[in-house]
Amino acid sequence: EMEDSSPPLCVTCGQAHLPEENHLYIYTEEVDDDLICHICLQPLLQPIDTLCGHTFCTACLTNFLVEKDFCPMDRKLVILQTCRKSSILVNNLLDKLMVSCPFTEHCSEVMQRGHLEQHFQTQCKGASHYGLTKERKRRSQDCSPDHDSSLAVAALGPELSAAAAIALMTDEPGLVNPAFSPTLEDSQLYHLIPDGEITCIKINRTDPHENLAIRIVGGSETPLVHIIIQHIYRDGVIARDGRLLPGDMILKVNGMDIKNVPHNYALSILKQPCHVLRLTVLREQRYRCRNSGLSLDAHCNRDDSFHVVLNKSSPDEQLGIKLVRKADEPGVFIFNLLEGGMAARDGQLQENDRVLAINGHDHRYGSPESAAQLIQASEKQVHFVVSRQTRQQTPDILQEAGWSYGGGSPQPCSVERNNPGKSTLHAVTCHEKVVAVWKDHTESLGMTVAGGASNREWDLPIYVISVEPGGVISRDSRIKTGDILLNVNGIDLMGVSRSEAVALLKNTNSSVVLKALEMRACEAQEERGRLPPPEAMQATSESSEWSPSWVMWLGLPRYLYSCKEIVLRRNTSGSLGFSIVGGYEEHTGNKPFFIKSIVGGTPAYNDGRIRCGDILLAVNGRNTSGMMHACLARMLKELKGKITLTIVSWPGTFL
């Protein structure tokens, strides 16, 4: 029983250890002290350099900085995001360290550390005895935390970037992702989480109830669909870990899938106490559009369809094509042909071809997932019917952070597509009420408020976060926690700071008339019975003070918006530097435009006021309500000089 519970043998080092732990080697020679990690006191593995010039194992330093914030050598401040992978020279020296095969009863070979894994696969009788060669094959298929994600593009939705779709489609053995370097080890460390790849991280908490100290936005009831980190607070659990950034998408929490769930359901999963938090995350690929020189008015007409047959040499052979959705055109498109793959060698299919049918199955409105299933089901031949654009489509510069390219002919840019019957985002409803209470002149009202103009980083209405039991407000019972206070005794509270609102509430006589807005949660019909009931309001277990969720702010009427105007100028590449989702769609109705991601080093990033989850209300004074996605993207691309964005920003839900 004890043997069954021990970790399996590692296919890289041949020793038993947990996946998140460092590899173990048997060194045959004394190792130079400069190649030793001074945390684990072993030769460096996946070395990482601090700004103060010291080098440690990546796993060792990451675990150390969970509880500390300084370098173990000189105690200077260390922030994990600023650390970088060691040079190729250092890695080469480490790979040349001499080690012995751990299976001494079967093998006495001594070799360079970098050759040990290959030794297990080709020469070692001990590895064969313990089944490591079979384990290697099995791991390539099953060990990935998201080994089924090659068919998960459709489940993740078209909102994922095309580059992310490539990453998902290359989890199958034998495929190499053309969007990235051949191995992560050969590329420069970028915040320890590679762009465009699904990554699993482990975060330790001494106190299982400790807040993560982040704000999140998104959810299936919004165009963002996924749960996205909006803000990370300094000194919190996530900040101390140092690997996550604003804009990262959280796909799973301790193995529980939250890719396409309502906001409050994701909250209930993320708030569950645990000592070890395992997050599956995706950081969008930050690539630039290269072919942006075509006329914006170019129509993308498609030629008549044609037939392509690809012959498989075996049922398991991969075609080497990446299929994605587009934002504005139904169906499935070829995003990339794997160099040297079957489709590339055949030469008939091209990037941006639209797949109309596969093996006789109509796929004009299909998904990448169903296309992959049809292709995999074919044993010998795959028949495609495809159409091709006569002119290449210009990618939206606005969407360079990875939003799928627009397609089809330009659509009329009407802003009159207001369809109340199909309007969305009604996670909460609002009810105005007027409440008159009487109190002794020495009594306080017995409630605590928050919000106000210049409230930290957001301008918010004044809202009630707690009601004192037995106080004036509590005895009356009509003003509740979460209510938004509009005015007191006829004095408007909109645009005032919290201190000004508190002074107005205190400076009242025996009669107090409050006008308030009550927020009530709405339950989505399609979610009933499948998920826990939504909570538009949340409260921490440690405090009786109420905290608003992001979806509550989305339900506020327009007159409570505190809009800000942000002026941007394009950079030298013509980019504004943010991606958007939302807009009018025939089947889903009118949705706001949300900022989904922001690209580092661009005008939007450098301005510093735009966040993930912000709503784009107008561009140069023109209302975006009712616009199609392609229309707004085209308009932003055509504008020259200064571009004024009217944005409303709501704080994400605090965790």
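**Close-up 1. Ala-213 sits in the loop between β7 (198–204) and β8 (214–218).** This is a predicted model. Ala-213 is not a glycine, yet its phi is positive, at about 60 degrees. The residue is buried, with 11% relative accessibility.

**Close-up 2. Asn-489 occupies the loop between β22 (484–488) and β23 (491–492).** Here too a residue other than glycine has a positive phi, near 50 degrees for Asn-489. Asn-489 is partly exposed, at 35% relative accessibility.

**Close-up 3. Three strands form an open sheet in the order β1-β5-β6.** The pairing is antiparallel. The edges belong to β1 (26–27) and β6 (110–112). Each edge strand has a single partner, so one side of each lacks a neighbour in the sheet. Strand β5 covers residues 98–100 and pairs with β6 over 3 bridges. In one of these contacts, Met-98 has Gln-112 of β6 as its bridge partner. Strands of a sheet pair through backbone hydrogen bonds.

**Close-up 4. Cys-40 is in no disulfide.** The model has 0 disulfides, counting cysteine sulfur pairs within 2.5 Å. For Cys-40, the nearest cysteine sulfur is that of Cys-60, 3.7 Å away. Cys-40 is partly exposed, with a relative accessible area of 27%.

**Close-up 5. The sulfur of Cys-101 has its closest cysteine sulfur in Cys-124.** Cys-101 is buried, with a relative accessible area of 1%.

Conventions. Residues numbered from 1 in each chain as written. Predicted model: local features only at pLDDT ≥ 70, side-chain atom pairs only at ≥ 80, totals over all residues. Heavy atoms only, no water. Pairing = 2+ DSSP bridges. Helix = DSSP H or I, 4+ residues; strand = E, 2+ residues; numbered from the N terminus. Buried < 20%, exposed > 50% of the residue type's maximum accessible area, 1.4 Å probe, protein only.
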